[in-house]
Amino acid sequence: MYGKSLVAACGLAAVANAQLPTPSTTAGIPTVEGALTYQGPPVSGFTGPGGNATVQANNPDATYVARFPTSQFDNSTGSEIAGTVTAVAGPQGTGVTLTFDWSGFPDAASLGPFPYHIHAMPIPADGNCTAAGPHLDPTVRGELHSCEVAAPQTCQAGDLSGKHGNITTPTFQTSYTDNFLSLVPGTQYFIGEKAIVVHTTNATRITCANFVQQLAGSGNGTSAGSNSTGIVLPTPSATGPVATGAASRAAGASMGLLVAAAALFL
Ligand SMILES: [Cu+2]
């Protein structure tokens, strides 16, 4: 449906620098792994076949935390992004308020700005960011049109940087409410047990962590039943320990190798 000509017409080459991976299929930008959403001018009002995202009301009083690892250093970027992203219900239970306390971003001039998204799946215990799959996109909007900031209901629900801006600084400490996310398990917009992934500007996944529910009264993680990170999986028997990590961090790999990988796994 979408050929290389359309990709070219979209001006993809303008997205980034010489490190930008080349779209590798005649079917358009590969999306199964969660591509870098097209960064050019939006097409006003464009939605996927699922139409506009719906405002998520009646969110429960629950807290989910994505804890980023502090034990790994990314040789390819010279960085160690650390910190947390905390998710609670928005005002009157509408939407989700996200609070970011991130530090350690690499040089934005050469590797940024840094997009970040909620992806459709959790990462496994080995921290493999690629396993997070594509973006959380319940309206099936896809990657070929950039997020229209003035109309966030048209964007991919998980495209946080599309809706709220890329990261361009060494630290990222902010808070905002996104109305198109949910804390209700089982809903299409539910972010729990899904990964939040940070990319370099060419879509390489440089770190990731899962949103895991923090049980009431567990404080910073000393209550019975918590694991070493102080957070507890709602389904502790499912897949083992909480996974935080950054398997895209190929220690010692050159940026060139990562770019080659990114070309296959956007
Ligand atoms: Cu992403």
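Strand 1 and strand 2 run antiparallel and are joined by 6 bridges, where strands (E, at least two residues) and helices (H or I, at least four) are DSSP runs numbered from the N terminus, and where two strands count as paired if DSSP finds at least two bridges between them. This is a predicted model, in which local features need pLDDT of at least 70 and side-chain atom pairs count only at pLDDT 80 or more, while totals for chains, interfaces and linings use all residues. Residues are numbered from 1 along each chain as its sequence is written. The protein has 4 helices and 9 strands, and from the N terminus on its elements follow the order α-β-β-β-α-β-α-β-β-β-β-β-α.

**Overall make-up**

- Buried residues account for 40% of the 266 residues in the protein; a residue is buried if 20 or more other C-beta atoms lie within 10 Å of its own, exposed if 12 or fewer, and partly exposed in between, with C-beta atoms placed from the backbone.
- Of the contacts between residues at least 6 apart in sequence, 69% join residues at least 24 apart, a contact being a pair of residues whose C-beta atoms, placed from the backbone, lie within 7 Å.

- An open sheet of 5 strands, paired in the antiparallel sense, has the order 5-3-2-1-8.
- Its edge strands are strand 5 (172-178) and strand 8 (212-214), each of which pairs on one side only.
- On average, neighbouring strands of this sheet are turned by 25° against each other, direction ignored; axes here are lines fitted to C-alpha atoms, for helices over the stretch in contact, and angles run from 0 to 180 degrees between N-to-C directions.
- Strand 2 and strand 3 are antiparallel and pair over 8 bridges, and V88 stands opposite T97 in strand 3.
- Strand 3 is also joined to strand 5 by 7 bridges, again with the two running antiparallel, and the bridge partner of F100 in strand 5 is T174.

**The two faces of strand 3**

- In a regular strand the side chains alternate between the two faces of the sheet.
- In strand 3, V96, L98, F100 and W102 make up the covered face, whereas T97, T99, D101 and S103 make up the uncovered one.

**The nonpolar core**

- The largest nonpolar core holds 40 residues, of which A87, I191, I196, V197 and C208 touch the most other members; such a core is a set of buried Ala, Val, Leu, Ile, Met, Phe, Trp, Tyr and Cys residues joined through C-beta atoms within 7 Å.
- Two or more residues of this core come from each of strand 1 (63-68), strand 2 (82-89), strand 3 (96-103), strand 4 (116-118), strand 6 (195-199) and strand 7 (205-210).
- In soluble globular proteins, nonpolar side chains tend to be buried together.

**T84 and its surroundings**

- T84 is found in strand 2 and is partly exposed, because 14 other C-beta atoms lie within 10 Å.
- Leaving aside neighbours within four places in sequence, T84 is in contact with V65, A66, R67, F68 and D101.
- T84 and Q173 are 89 residues apart in sequence, and their C-alpha atoms are 9.8 Å apart in space.

**Loops and backbone geometry**

- In the hairpin of strand 2 and strand 3, which has 6 residues between the strands, Q92 takes a positive phi near 55°, a positive value in a residue other than glycine.
- Q92 is exposed, because 9 other C-beta atoms lie within 10 Å.
- N58, placed in the loop between helix 1 (4-9) and strand 1, likewise has a positive phi, of about 60°, although it is not a glycine.
- N58 is exposed as well, because 11 other C-beta atoms lie within 10 Å.
- The peptide bond from G112 to P113 is cis, with omega near 0°, and P113 has its place in the loop between helix 2 (108-111) and strand 4.
- Q188 sits in the loop between strand 5 and strand 6, and counts as partly exposed because there are 15 C-beta neighbours inside 10 Å.
- The C-alpha atoms of Q188 and L136 are separated by 8.6 Å, although the two residues are 52 residues apart along the chain.

How values were computed:
Two residues are in contact if their C-beta atoms, placed from the backbone, lie within 7 Å.
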